[in-house]
Amino acid sequence: MSLSYAVHERSDRRPAQERDAILANPGFGKQFTDHMVRSTWTGDRGWHDAQVCAYGPFQLDPAAAVLHYAQEIFEGMKAYRHADGSVWTFRPEANAARFNRSAQRLALPPLEEADFLESLKQLVQLDVDWVPDSTSGESSLYLRPFMFASESFLGVRPAQEVTYSVIASPAGSYFTGGLKPISLWISEHFSRAGKGGTGDAKCGGNYAASLAAQIEASENGCDQSVFLDSVEQKYVEELGGMNVFLVYQDGRIVTPALTGSILEGITRSSIIELAKDLDLRPEEKRISLEEWRADAESGQITEAFACGTAAVVTPIGRLLSTKGEFRTGPEGDGGPVATRIRESLLDIQTGRAEDTRGWLTRLA
Ligand SMILES: Cc1ncc(COP(=O)(O)O)c(C=O)c1O
């Protein structure tokens, strides 16, 4: 570890009563804790001025490169409070590694894994009262590390001043009253990412590129868009913020192979590892939309689901496009396999099941 975080605790924390009212019904991504992490990188000094300080706005010059050229990356992870009060997060080394892969692709400086982990620990320890109780449901403290080009300069080149920050936001159960399958709009006009692009990096620009397709999905009465490969518009890639699995009658669970334009989800890779414990056979391969349709219609595909940190596992009910629609999972509460995988993951994350793989790291 090369950084030591100075702690500037604020004297005007939110009163306990106000905080508890927020924790009772936090929603997602609207409420933030009392503190944040920030540190600065410059070409001549490297990382410095690492600190935990009061949550508040950045002062950015209007010429800050991120505002013009989107040189920015982020991560998303969750901290869970276990029954004994301790607070844990899930596979943070994988997030640290992905953050550095994203940094490399966006020409941002690397951050040592130990410095990344320490930033999470420092923030969660100071704002530990903001971590909801996860023992009976799936409430958590969502952690958002991010890095952006803060140099004020309009030339197009890698920034020589970069800011790293972590903010935290309490998150409630994604589904209240049972799992509800989502409907997907098959995006025919828009690609999220292309060959040689930034699809396998977690950078803000990918999400900006997905929004027009999201509008199209909403206009067609769907919850989200599913993106196809940008070359042939034939193979299934992923949703705007989640990976996809198809469940086959013969015990296989199949997910699109990583092509460079798909984000390698940590939930996705955890499900691949967990599958064996659940008597499922994971497979990574290219899946055409036509194959999905045919196998769903013949009954070989019994369920489909999306997965990611925010919602863990979300059943997929129907797919729609200008050419028609097909059903890919049971009506109602989602299928048994998606439900079982979801519960297995959540049981590990929230401490209800033993963590036999060393996936959890204690934060507080
Ligand atoms: C585009 C995209 N794909 C997949 C995922 C799922 O990744 P993870 O399981 O690491 O949250 C996310 C969410 O982070 C995402 O933004």
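Helices (H or I, at least four residues) and strands (E, at least two) are DSSP runs, numbered from the N terminus. This is a predicted model, where local features need pLDDT of at least 70 and side-chain atom pairs count only at pLDDT 80 or more, while totals for chains, interfaces and linings use all residues. Residues are numbered from 1 along each chain as its sequence is written, and side-chain values use heavy atoms, with hydrogens and water left out. Here's a quick tour of its pockets, cavities and aromatic rings.

**Pockets**

- The largest pocket has a volume of about 780 Å³. A pocket here is an open set of points on a 1 Å grid over the protein atoms alone, with protein on both sides within 12 Å along at least five of seven lines; lining residues have an atom within 4 Å of a point. A volume is the space filled by probe spheres set on the points, which are joined across faces, edges and corners.
- Its lining counts 35 residues, and Lys 202, Tyr 207, Gly 240, Gly 241 and Ala 310 lie nearest the centre.
- H5 brings the largest share of that lining, 4 residues. Elements that supply at least two residues each include strand S7 (140-149), helix H5 (204-219) and helix H6 (266-274).
- By class, the lining of the largest pocket has 16 nonpolar, 14 polar and 5 charged residues. Ala, Val, Leu, Ile, Met, Phe, Trp, Tyr, Cys and Pro count as nonpolar, Asp, Glu, Lys and Arg as charged, and the others, Gly among them, as polar.
- Domain 1 (6-171) and domain 2 (182-348) each give at least three residues to the lining of the largest pocket; the bounds come from an automatic or database domain assignment.
- The second largest pocket holds about 230 Å³ of space, and its 14 lining residues divide into 3 nonpolar, 5 polar and 6 charged.

**Cavities**

- There are 4 cavities of 30 Å³ or more, a cavity being a set of points where a 1.4 Å probe fits but cannot get out.
- The largest cavity comes to about 130 Å³. Among its 13 lining residues, Lys 78, Phe 90, Thr 267, Thr 309 and Gln 349 lie nearest the centre.
- S5 gives the most to the lining of the largest cavity, with 3 residues.
- The second largest cavity has about 50 Å³ of space, and Tyr 235 and Arg 286 are among the residues that line it.

**Rings and charges**

- The structure holds 12 aromatic pairs. Rings of Phe, Tyr and Trp (its six-membered ring) pair if their centres lie within 6.5 Å; planes under 30 degrees apart count as stacked, over 60 as edge-to-face and the rest as tilted.
- Trp 47 and Tyr 164 have ring centres 6.2 Å apart and planes at 75°, so the pair is edge-to-face. Trp 47 sits in strand S3 and Tyr 164 in strand S8, 117 residues apart.
- For Phe 99 and Phe 116, the centres are 5.4 Å apart and the planes at 45°, so this pair is tilted.
- Trp 47, Phe 99, Phe 116 and Tyr 164 form one aromatic cluster.
- Arg 286 lies over the face of Tyr 235, at 3.9 Å from the ring centre. A charge sits over a ring if NZ of Lys or CZ of Arg is within 6 Å of the ring centre and within 35 degrees of the ring normal.

**Burial**

- In H6, 8 of the 9 residues are buried, so the helix is largely enclosed by the rest of the structure. Buried means under 20% relative accessible area, exposed over 50%, partly exposed in between (1.4 Å probe, protein chains only).
- Both Trp 47 and Tyr 164 are buried.
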